[in-house]
Amino acid sequence: MTTTAPPVKDRPGDGDGAGGGPAKDERLLGNPALRKLLGRPELGAVVGALAVFLFFSVVADSFLKTSSFGTVLYAASTIGIMAVPVALLMIGGEFDLSAGVLVTSSALISSMFSYQMTANIWVGVFVSLLVTLAIGVFNGFMLTRTKLPSFIITLGTFLMLTGLNLGLTKLISDTVSTKSVSDMQGFESARKLFASELTVGGVELKVTILWWAGLVALATWILLRTRFGNWIFAVGGNAEAARAVGVPVRLTKIGLYMGVGFCAWVSGQHLLFSFDVVQSGEGVGNELIYIIAAVIGGCLITGGYGSAIGSAVGAFIFGMTSKGIVYAEWNPDWFKFFLGAMLLLATLLNAWVRKRAEATR
Amino acid sequence: MRTNRKAAGRTAAALLTACALALVAGCSGSGGKDSEDKADDGGGGTKAKTPRMKIAMVTHSGEGDTFWDIVQSGAEVAAAKDNVDFLYAANKEGKEQAQLIQSYIDQDVDGLVVSLAKPEAVKAVIAKATAAGIPVVTINSGAEFSKPFGALSHIGQDEAIAGEAVGEELTRRGKKKALCVIHEQGNVSLEERCAGVKKAFGGTVENLNVEGTNMPSSTSSIEAKLQSGKSTGEFDTVVTLGAPFAAASVKAKAGAGSNAEINTFDLNEDVVKQLKAKEIGFAVDQQPYLQGYLAVDELWLNKNNGNVVGGGKPVLTGPALVTEKDVPALEKFTARGTR
């Protein structure tokens, strides 16, 4: 991308981004590389992730085994793939509560469409992509048209999708889960793309980890190197001001919701091709986990600030914590409490580090 | 200043005395902690001298589910007796359940106990466990998948058979229209129970989905359904698929002014009380305690004596039909959470 960025200031890494504060003469400050590092939104999360990693390395014997590493990364990737678009959306100032069930919808659509039409699996996969993108457009369109809070709009979509998932599945396949599609044409190739395993240096890695890494890289490039990325920061920082300088606010937001749709499609296909049968009632509650990952990773709930890499670190913290508790053999009745406490601590550490970082600027 | 502090001290002392008095005078004559059965857990005895082993159980339970708590207490008693380190984790999403099992494989446990409510989700990871030489015992529903997945044994209840037993009993009781309350949307084994009821029942069956983790919402949904039934032909029986929902249905029935008989799958202390009070017709017990206890015991026996139970067939722990007549014998066991 060689286009010059439009004059929008709110960019992390610009040095004078969200931190604000009295403007100092930049030339008076020391090492510019260090300064740039301290200004990154994900710095706090990285320190938090290190703390969580060290903690579980000490308390859980099997945490440092290589096979455990694959398990933790896989857990992180299933959250991380969705945390990326949710983080972008949050930078753009909006939420999507339908993201969790949309994953299930996407898996249900490809499975049932292919099965009912006795078509090649890839047809269903493609139809599913169209539908999830359409749901993204619907969310974005309703939001920008009605100017209602995204909380309300996507809560509506969330409930409707939950009902549709079960209602349609039962209507079409007569049970609450889909029929097995593993013997259909195209299943194996689709499985390779969405749910295969690679062995790297004795560690079994799921392909979702590659998807995750790819999506994080793509989102980071969009945010920091493209015009659309500038628009995202602009609409999240101040939509009215952005509109005034000519940013297509409506288009940007619809695009962000389509991003959520696309990633939900990827996760949904993974769900389908790794388990072959999809349960219609799943996915509820995951939307909050994606949001949490984005917030831990340094996204501001109010919009205008954050990063895709941060969301990945947030997902990694979540994956380490949820599996680390199992490796540490703690009493499962307290699982959610430990999870909550670890997340809170990670977030506090994150906030503290960021404050220190801003103070040193 | 000094007088103030003294006065404050006196007030505090007075308050303390009043509280103590209230505590003594306010003793409840019934219920409460004092009424708990002090009997031991039924395990007791001496511990086995076999080498320490580690067994993990991973189920699809939601948080704080009574049923799975009883399974766990059975497993814990067997573990204590067999010198076993017992670990437990649960998640109601199939994908998460599979990840939890994988974490225990990473930990090199000596045996795994897995519930099969979402068989396809855990299929691959069970194969991994057996490939890694970790024996797996499956419990609860999904008996038909156990053997093909390579599990040692299955200990549980055949949901269809249990459902049919309920259907037959309802027909015997002369019922015409039943409401089957599903408390976990998308749980295959719950659907199988309702299907079983439908198959063996002479009358008609309607299913109702409720939000199982939200009791007030479940109660109001059942109430609304019972009321709506008034115009289209009244329900004369409600079948709930979990013990806590029987209590919810009793409330809903009163709210809707319905005469439906409440019957339920599974037992707990409340259900026994309600059986006694004739608020519930009958209950189908699948003896969750046995599922936990036998699963751990089976893994221990297999390791130390090479035993396999069931002879290639599932070991059934239910259905056992329980009515008001069985209450005296049951009360003691449900009160301590083992039945």
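A polar contact is taken here as a pair of N or O atoms within 3.5 Å; within protein, one atom must be able to donate a hydrogen and the other to accept it, and residues adjacent in sequence count only if both atoms are side-chain atoms. The structure is a predicted model, in which local features need pLDDT of at least 70 and side-chain atom pairs count only at pLDDT 80 or more, while totals for chains, interfaces and linings use all residues. Residues are numbered from 1 along each chain as its sequence is written, chains are lettered from A and ligands numbered from 1 in the order in which they are written, and side-chain values use heavy atoms, with hydrogens and water left out.

Chain A contains 14 helices and two strands; helices (H or I, at least four residues) and strands (E, at least two) are DSSP runs, numbered from the N terminus. Of the 361 residues in chain A, 53% are buried, where buried means under 20% relative accessible area, exposed over 50%, and partly exposed in between (1.4 Å probe, protein chains only). Contact denotes heavy atoms within 4.5 Å. Among contacts in chain A between residues at least 6 apart in sequence, 77% join residues at least 24 apart.

Helix α2 of chain A, residues 43–59, has 17 residues. The helix reaches 25 Å from its first C-alpha to its last, close to the 24 Å expected at 1.5 Å a residue; the expected span is 1.5 Å times one less than the number of residues. The buried residues of α2(A) include Leu43(A), Ala45(A), Val52(A) and Phe56(A). Ser106(A) belongs to another helix, α4 (residues 99–117) of chain A. Ser106(A) is buried, with a relative accessible area of 0%, and its side chain makes a polar contact with the side chain of Gln269(A) at 3.1 Å. Not counting residues up to four places away in sequence, Ser106(A) touches Ser128(A), Thr132(A), Ala264(A), Trp265(A), Gly268(A) and Gln269(A).

Between the two chains, 34 residues of chain A are in contact with 32 residues of chain B. The area buried between them is about 2600 Å², with 49% given by carbon and sulfur atoms; buried area is the accessible area (1.4 Å probe) that two parts lose on being put together, summed over both. Phe275(A), Val326(A) and Glu329(A) supply 22% of the area that chain A buries against chain B, more than any other three residues. Across this interface, 12 residue pairs are found in polar contact, both residues being at pLDDT 80 or more. At least two residues of the side of chain A that touches chain B come from each of α3 (66–91), α6 (150–173), β2 (203–206), α11 (249–275) and α13 (308–327) of chain A. The largest share, six residues, comes from α3(A). By class, this side of chain A has 11 nonpolar, 12 polar and 11 charged residues; Ala, Val, Leu, Ile, Met, Phe, Trp, Tyr, Cys and Pro count as nonpolar, Asp, Glu, Lys and Arg as charged, and the others, Gly among them, as polar.

The structure holds 25 salt bridges over all chains, a salt bridge being a side-chain nitrogen of Lys or Arg within 4 Å of a carboxyl oxygen of Asp or Glu. Six salt bridges are found across the interface of chain A and chain B. Asp108(B) forms a salt bridge with Lys65(A), the closest N and O atoms being 3.2 Å apart. Asp108(B) lies in the loop between α3 (94–106) and β3 (111–115) of chain B, counts as exposed at 54% relative accessibility, and has a phi near 55°, a positive value in a residue other than glycine.

Within chain B, Glu261(B) and Arg173(B) meet through their side chains in a salt bridge (3.1 Å, N to O). Glu261(B) is in strand β9 (residues 261–265) and Arg173(B) in the loop between α6 (159–172) and β6 (177–182) of chain B, so this pair ties together parts that are 88 residues apart in sequence. Glu261(B) is buried, with a relative accessible area of 18%, whereas Arg173(B) is partly exposed, at 27%. Salt bridges that share partners also join Glu197(A), Glu204(A), Lys206(A) and Lys128(B) into one network.

Backbone geometry in chain B was also examined. Most residues other than glycine have a negative phi, and most peptide bonds are trans. The phi of Asn83(B) is near 60°, a positive value; Asn83(B) is placed in the loop between α2 (66–81) and β2 (84–90) of chain B and is buried at 12% relative accessibility. The peptide bond from Gly318(B) to Pro319(B) is cis, with omega near 0°, and Pro319(B) lies in the loop between β11 (315–316) and β12 (320–323) of chain B.
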